[in-house]
Amino acid sequence: MEISQKLFSKKRDKGIKNHDNEEKTRHYIGRFSILIACLAVIWSCFQLYAAGTGALDAIRLRATHIIFLLILTFLLFPIHKKSPLKVRVPPVVDIALIALSIFSYGYLIANYNEIVMRGGYLYTLDYIVGAIAIILIFEAGRRVVGNLAVLALVFLLYNFMGPMIPGDFGHGGFSINRVIDHMFWGSQGILGIAIGVSSTFVFLFILFGAFLRLSGFSQFVNDLALTIAGRSPGGPAKVAVLASSLMGMINGSALANVATTGTITIPLMKKNGYTARFAAAVEAVASTGGQFAPPIMGAAGFVMAEYLGVPYTTVMLAAIAPAFLYYVTVIMIVHFEAKLNGLKGISKENIPNIIKVIKSQGHLVIPLVVLITMLFSGYTPLYAAVFSILACVVASWIRKETRMGVKKIFKALEEGAKGAIGVGVACAIIGIVIGTVSLSGLGLTFGYTILEYVNESLFLAGLLVMLMSIVLGMGVPGVAAYIIVATVSTPILIELGVAPLAAHMFVLIYASLSNITPPVALASYVAAGIAKTNQNNVSYTAVKLGLTGFIIPFFFLYHPALLFDGTNLLNFIIALSTATIGVISLSSGLQGWLYTQNSLLQRLILITIAFLMIESSFVFDVIGIALFLFILVWQIVTVKRVKQNSVSVYGGDGI
């Protein structure tokens, strides 16, 4: 189906305004809007300069990043929900908050070296500035990521209330000066790893996504997906899965991805015959998986590489199997649902010609090729991101229809900066959580308590970590969610002997899946809003579609062969092949269709096969393959017998 770029952009923008919470911002009337656009462009240029030259040390880069972050937050996000969204100038309160933001974090930039030289000794003014800076972060968090700000406040209060808490979680308490010192002037609080990630990887890859979209890459992905899967049974749903996975891994936000691609894919699926509930669930699940799908993994993979101290390519290779199995499940469930309900694909005349699509838009994939090539060549992700953004502009000039002029480039710089606000504020407020964990020793206490409770049972520990990852990830942007759960949860698994890479991948997947897990399944709720159907029903259906995502991490806790480390290729291929048969069996058992409609017994056997095949054991693999072939032959013979009976009854009589 040919969809014009104009229509795609119009529906996408409408979807964002209606469903993405980050877009419920002020819209300035008059010249002030130009000032804000220029400020956003300056921020993007600063980040590109800092990444490309390495001219700033980590603390100054992070503090400057926060200054831009707070200025745009107080300019764009209203003080409360009932505040007017259309204004000419910002309220006086927000102007005062902006001035305090520049003063407090500017003070840190100007005086940080001096304080280091005097051995970290702080004067009264230093403590006052730190207190103001912390309050500003909480106010920004309240406006942008309300629930996360509440969580951070609970953690902050824990520093003072330790003496009141009985048992292992109690502690001696800390003075307000000690807390301010640790949270603001230290390197493990607000200016710690979370904001460090926001000021580097996250910002640049959100900016990269903005450049890709405005160069026409989104349209190319949509058209390419149509040519690949559009004509097969249930084609529109398969298009949604392919398009959403590709875009989701770039923008790193399941919520934003549903709001953009969902405005196109969900109506197409409904028109094809899928229920509104199923269509919304497909979009939510496909967008969520993008957060752990290589090669970009929504920037979370870069953070994981930093945590583990390994090259990003190691993380990217390890993510291949989980992401592949996840999307195979979704595609097969979509296919079986279409066969079960007799749904067809899109008619041939409405499918773009693949040769024309590649000729007219194929050059837009060059930036991704540049990115992957540079990563595998040993360049840092930051350099790769900067050059990929430049490649995006250069590639767009190859054809007149996609050419990015000065106006589009400035628009991409503006949108990239604005798109980074939500994740940036979340990362800043997470600094309070991480600071509390490091100051109070909460992480160690929590870990030892869990280990004592599970009595060294890896399964029980994994189950508790899964629940923690989902709960802590609810309502939080993907990268920010991963940072929280990685800080609190991964040490528990590593202590029980799990490989660090497997432990981190485990929590990343569950933190991502919180987007579709009730009761705070934001991606499902956004998709339900677009589809105009019940939110809870969409969430439950999304969990069913993404069930592989909930199962697979437990298997690579015990058998990390599914996480390819670049060494034993044969073992990886065997493990992935058998696991693929397993997830196809799971999809078939859940949907009730393989070659034909499944009986109850066949469904139970197929679900059993799934667990046999995902478990990495030669005996189980042989049993699973034999049972799968038995069910398949059984159904083929049954269908042939029915056809022969139909011919013998009707064919000879000419009826």
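Thr608 is placed in helix 29, which spans residues 600-614, where helices (H or I, at least four residues) and strands (E, at least two) are DSSP runs numbered from the N terminus. This is a predicted model, in which local features need pLDDT of at least 70 and side-chain atom pairs count only at pLDDT 80 or more, while totals for chains, interfaces and linings use all residues. Residues are numbered from 1 along each chain as its sequence is written, and side-chain values use heavy atoms, with hydrogens and water left out.

With a relative accessibility of 44%, Thr608 counts as partly exposed; buried means under 20% relative accessible area, exposed means over 50%, and partly exposed lies in between, with a 1.4 Å probe and protein chains only.

**Helix packing**

Two packed helices are described by the angle between their axes and the distance between the axes. Axes here are lines fitted to C-alpha atoms, for helices over the stretch in contact, and angles run from 0 to 180 degrees between N-to-C directions. Angles under 35 degrees count as roughly parallel, over 145 as roughly antiparallel, 65 to 115 as roughly perpendicular and the rest as oblique. A crossing is left-handed if the near helix is turned anticlockwise from the far one by less than a right angle, and right-handed if clockwise.

| Helix pair | Axis distance | Angle |
|---|---|---|
| Helix 12 (residues 276-289) and helix 15 (residues 320-340) | within 10 Å | roughly 165 degrees |
| Helix 3 (residues 58-76) and helix 5 (residues 124-144) | within 10 Å | roughly 50 degrees |
| Helix 15 and helix 27 (residues 547-558) | 9 Å | about 150 degrees |

The axes of helix 12 and helix 15 cross at roughly 165 degrees, so helix 12 is roughly antiparallel to helix 15, and the crossing of this pair is left-handed. Helix 15 is also roughly antiparallel to helix 27, although helix 15 passes helix 27 in a right-handed crossing. Helix 3 and helix 5 are oblique to each other, and their crossing is left-handed.

**Loops and backbone**

Most residues other than glycine have a negative phi, and most peptide bonds are trans. Pro294 and Pro295 are joined by a cis peptide bond, with omega at about 15 degrees, and Pro295 is placed in the loop between helix 12 and helix 13 (300-308). Lys532, a residue other than glycine, has a positive phi near 60 degrees; Lys532 lies in the loop between helix 25 (522-531) and helix 26 (535-545) and is exposed, with a relative accessible area of 76%.

Two further loop residues are buried. Asn515, in the loop between helix 24 (500-513) and helix 25, has a relative accessibility of 10% and counts as buried; its C-alpha is 8.5 Å from that of Val285, although the two residues are 230 apart in sequence.

A pair of aromatic rings is described by the distance of the centres and the angle of the planes. Rings of Phe, Tyr and Trp (its six-membered ring) pair if their centres lie within 6.5 Å, and planes under 30 degrees apart count as stacked, over 60 as edge-to-face and the rest as tilted. The structure holds 25 aromatic pairs. One of them joins Tyr121 and Tyr123, whose ring centres are 5.7 Å apart and whose planes stand at 75 degrees, so the pair is edge-to-face. Tyr121 is exposed, with a relative accessible area of 52%, whereas Tyr123 is partly exposed at 47%. Arg118 lies over the face of Tyr123, at 4.0 Å from the ring centre; a charge sits over a ring if NZ of Lys or CZ of Arg is within 6 Å of the ring centre and within 35 degrees of the ring normal. Elsewhere, one aromatic cluster is formed by Phe103, Tyr105, Tyr107, Phe184 and Trp185.

**Cysteines**

A disulfide is counted as a pair of cysteine sulfur atoms within 2.5 Å, and by this rule the count comes to zero disulfides. For Cys38, the closest cysteine sulfur is that of Cys45 at 10 Å, too far for a bond. Cys392 is likewise in no disulfide, with the nearest cysteine sulfur, that of Cys45, 15 Å away. Cys38 is partly exposed, with a relative accessible area of 41%, whereas Cys392 is buried, with a relative accessible area of 1%.
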